[in-house]
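Thank you all for making time for this.

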Amino acid sequence: MAAAATGQHQLPDLPYRYDTLEPFISRQIMELHHKKHHQTYVTALNAAELAYAKASTPRERIGLQAALRFNGGGHINHSLFWKNLAGASSEGKGVGGSLRDGPLKKAIVETFGSLDAFKKEFNTTTAGIQGSGWGWLGLNPSNKRLEIVTTANQDPLLTHVPIIGVDIWEHAFYLQYLNVKADYLNAIWSVINFDEAEKRFLEGTNSKL
């Protein structure tokens, strides 16, 4: 994420209350995930950037690269993730879970056959991550096609334009779903902000990069 200066990244505010995603993601998870986990990435990223700026040798800078990558990726991924979620439309709280007719729905149906088929393939691929990581619906910039990809740990998605990202680290679901990743992945579709996803999709398809 961009910062005003080295070491000045800040935890972004959520665009909704901590309980907005209930019952699909609990308030307790959201508070811990945002205030503790994401804040830790921000704090560590700032510290690593300041240490890098003060480093006097190439060896010192090389030693800090892992911390910059991990914590920088965690900050980028989570900042995207919060916007990727919204209150469930079925409860009248927001637009979560509702994919309206439009360019994104058309592209998903053309690529995967149906929305349900897309969700099934996404969940299967993401649940197969060994350890921690992220599942993504990404737009391939070379052919402008939607593809399901994964990244390990907190690695950001660099090969595709991120359309939808789902955190599969245990801290994202364990307090509510224990070790049953499949239940978490099934539930999260009720609070995916498809309006935000379509905005990213349109920006990606209109980009000349």
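Let me begin with strand β1, which is mostly covered, since 8 of its 8 residues are buried. Please keep in mind throughout that this is a predicted model. Looking along β1, you will find Gly 133, Gly 135, Leu 137 and Leu 139 pointing one way, while Trp 134, Trp 136, Gly 138 and Asn 140 point the other way, and all of them are buried. As a general point, side chains in a regular strand alternate between the two faces of the sheet.

What does β1 pair with? The sheet is an open one of 3 strands in the order β2-β1-β3, with antiparallel pairing. At its edges are β2, residues 145-152, and β3, residues 161-167, each of which pairs on one side only. From one strand to the next, the twist averages 25°.

Taking the two pairings in turn, β1, which covers residues 133-140, runs antiparallel to β2 and pairs with it over 8 bridges, whereas 6 bridges join β1 to β3, again in the antiparallel sense. Leu 139, for its part, stands opposite Leu 146 in β2.

Two helices pack on this sheet. Helix α2, residues 58-83, touches β1 and β3, and its direction makes about 90° with that of β3. Helix α7, residues 194-206, touches β1, β2 and β3, and in its case the direction makes about 150° with that of β3.

The largest nonpolar core has 48 residues, and the members that touch the most others are Leu 137, Leu 146, Tyr 184 and Ile 188. Why does this core lie between the two domains? It lies there because domain 1 (27-84) and domain 2 (91-206) both give residues to it. If you select Ile 188, you will see that, leaving aside residues up to four places away in sequence, it touches Ile 25, Phe 81, Leu 85 and Val 166.

The size of an interface is often given as the accessible area lost when the parts come together. For domain 1 and domain 2 that buried area is about 1,700 Å², with 60% of it on carbon and sulfur atoms. On the domain 1 side, Ile 29, Asn 77 and Asn 84 supply 38% of the area buried against domain 2, which is more than any other three residues.

Finally, I would like to turn to the segment before α1 (27-54), where Pro 15 lies. Is Pro 15 buried or exposed? Pro 15 has a relative accessible area of 55%, and is therefore exposed. Although Pro 15 and Ala 86 are 71 residues apart along the chain, their C-alpha atoms are separated by 8.4 Å.

Methods
Residues are numbered from 1 along each chain as its sequence is written. This is a predicted model: local features need pLDDT of at least 70, side-chain atom pairs count only at pLDDT 80 or more; totals for chains, interfaces and linings use all residues. Side-chain values use heavy atoms; hydrogens and water are left out. Two strands pair if DSSP finds at least two bridges between them. Helices (H or I, at least four residues) and strands (E, at least two) are DSSP runs, numbered from the N terminus. Axes are lines fitted to C-alpha atoms, for helices over the stretch in contact, and angles run from 0 to 180 degrees between N-to-C directions. Contact means heavy atoms within 4.5 Å. A nonpolar core is a set of buried Ala, Val, Leu, Ile, Met, Phe, Trp, Tyr and Cys residues joined through side-chain atoms within 4.5 Å. Buried means under 20% relative accessible area, exposed over 50%, partly exposed in between (1.4 Å probe, protein chains only). Domain bounds come from an automatic or database domain assignment. Buried area is the accessible area (1.4 Å probe) that two parts lose on being put together, summed over both.
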